[in-house]
Amino acid sequence: MDPNIPNHCPGTDSSSAGKVSACQGCPNQNICASGETQLPDPALEILKDRLSSVKYKILVLSGKGGVGKSTFTSLLARVLASENEQKNIGVLDVDICGPSLPLVFGVQDENIHQSGSGWSPVFIEENLSVMSVGFLLESKDDAVIWRGPKKNAMIKQFLTEVDWGDTLDYLIVDTPPGTSDEHLSLVQFLKSTHNFSAVVVTTPQEVSLLDVRKELDFARKVGLPVLGVVENMASFVCPKCKVTSEIFPKNTGGAAQMALEMGVPFLGSVPLDPSLGRCCDEGINFVQKHAGSPTVLAIKRIVENLTSSLQSI
């Protein structure tokens, strides 16, 4: 068995694909057993060519929902775009069933335009653009009820048909929680490119850290480099009395201790700020409106640590 494939799946390149007990009930069992999946996917060459102009590809991961992946993705993209206007930042929302980035960026009423060069992403700033399945829904209230193969096809379409322009310094990919279809597809597709890595987001309490440990184990098994762990909602500073409170107790040492135990870098902590939630709901640029806030300063320190980690992958 390929050590880079999760234990429950022998992998499509394995001689036992579709033939072991773990394959029972999988909708792709017959295809895997036939050996057809071992043929090169022609879309990989298209994907490789499309993403050849992207310098860094960063997946934002977490094993648990509700830890603020989408919020962190938007802050990371905003800071990268604001600190150097010469750098181009793209954001890809592959949370197929819960696409929230159009709302967070304040562009949920925009439409996607298609040309001979592919889909054009929606531009937030001159050097910041976003693509999401949310732009393809007739109504923002529509539920996306898709099985795994259709999700995978949508991700492949995003990676092969979105025209990010001549150069893109960072492509930041917001993912759903877990270690399932979307994550496996992304890793499979991006392995044909270069400079792809991940940032893992968690909150301090053990119920979140438990799931995030699984996410780090997933990254190790599929050969996905991890730039580091970010601890979101680490504390709350009262805007009036300035007293710091831990909303989520760090009974086991929080994300810093977990990162030490798992052997991955700790990128930093982000405090809880009610103003951030309001800005996300209203699609307002929090980084610009609250430039001197502890949250923005924390994100900027994390970006410094992240860019340093990028040099080592």
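**A close look at helix α6**

Modeller: In this predicted model, the buried residues of α6 pack against α2 (42-50), β1, α5 (148-161), β7 (168-174), β8 (196-202) and α7. Those buried residues are E182, H183, S185, L186, V187, F189 and L190. Because seven of the ten residues of α6 are buried, the helix is largely enclosed by the rest of the structure. To count as buried, a residue must have under 20% relative accessible area.

Leaving aside neighbours within four places in sequence, S185 is in contact with N152 and I155.

Next, consider how α6 sits against one of its partners. Two packed helices are described by the angle between their axes and the distance between the axes. For helix α6 (residues 181-190) and helix α7 (residues 206-222), the axes come within 11 Å and cross at roughly 30 degrees. This crossing of α6 and α7 is right-handed. On the α6 side, the residues that meet the other helix are H183, L184 and V187. On the α7 side, they are E215, F218 and V222. Sorted by type, the residues of this contact are four nonpolar, one polar and one charged. The spacing of such positions can be read with a simple rule. An α-helix has 3.6 residues a turn, so residues three or four places apart point the same way.

In soluble globular proteins, nonpolar side chains tend to be buried together. Here the largest nonpolar core has 82 residues, and those touching the most other members are F72, L92, F105, V130, F158, L159 and L224. Helix α3 gives the most to this core, with seven residues. F158 shows what such a position looks like: leaving aside its neighbours within four places in sequence, F158 is in contact with L92, D93, V94, W119, M131, S132, V133 and L136.

Finally, there are positions that carry an annotation. The unreviewed UniProt entry gives "binding site" for G63, K64, G65, G66, V67, G68, K69 and S70. Two of these can be compared in the model. K64 lies in the loop between β1 (54-61) and α3 (69-83), and G68 also lies in the loop between β1 and α3. K64 has 24% relative accessibility and therefore counts as partly exposed, whereas G68, with a relative accessible area of 15%, is buried. Apart from neighbours within four places in sequence, K64 is in contact with K69, P177, V207, S208 and D211. On the same terms, G68 is in contact with N232 and M233.

The unreviewed UniProt entry also lists C238 and C241 for "binding site". C238 is placed in the loop between β10 (236-237) and β11 (244-245), and C241 lies in the loop between β10 and β11 as well. With 48% relative accessibility, C241 counts as partly exposed.

Definitions and conventions
Residues numbered from 1 in each chain as written. Predicted model: local features only at pLDDT ≥ 70, side-chain atom pairs only at ≥ 80, totals over all residues. Heavy atoms only, no water. UniProt positions renumbered as here; feature names shortened; annotations may be inferred. Helix = DSSP H or I, 4+ residues; strand = E, 2+ residues; numbered from the N terminus. Buried < 20%, exposed > 50% of the residue type's maximum accessible area, 1.4 Å probe, protein only. Contact = heavy atoms within 4.5 Å. Axes fitted to C-alpha atoms, helices over the stretch in contact; angles between N-to-C directions. Left-handed = near helix turned anticlockwise from the far one by under 90°. Nonpolar A, V, L, I, M, F, W, Y, C, P; charged D, E, K, R; others polar. Core = buried A, V, L, I, M, F, W, Y, C linked by side-chain atoms within 4.5 Å.
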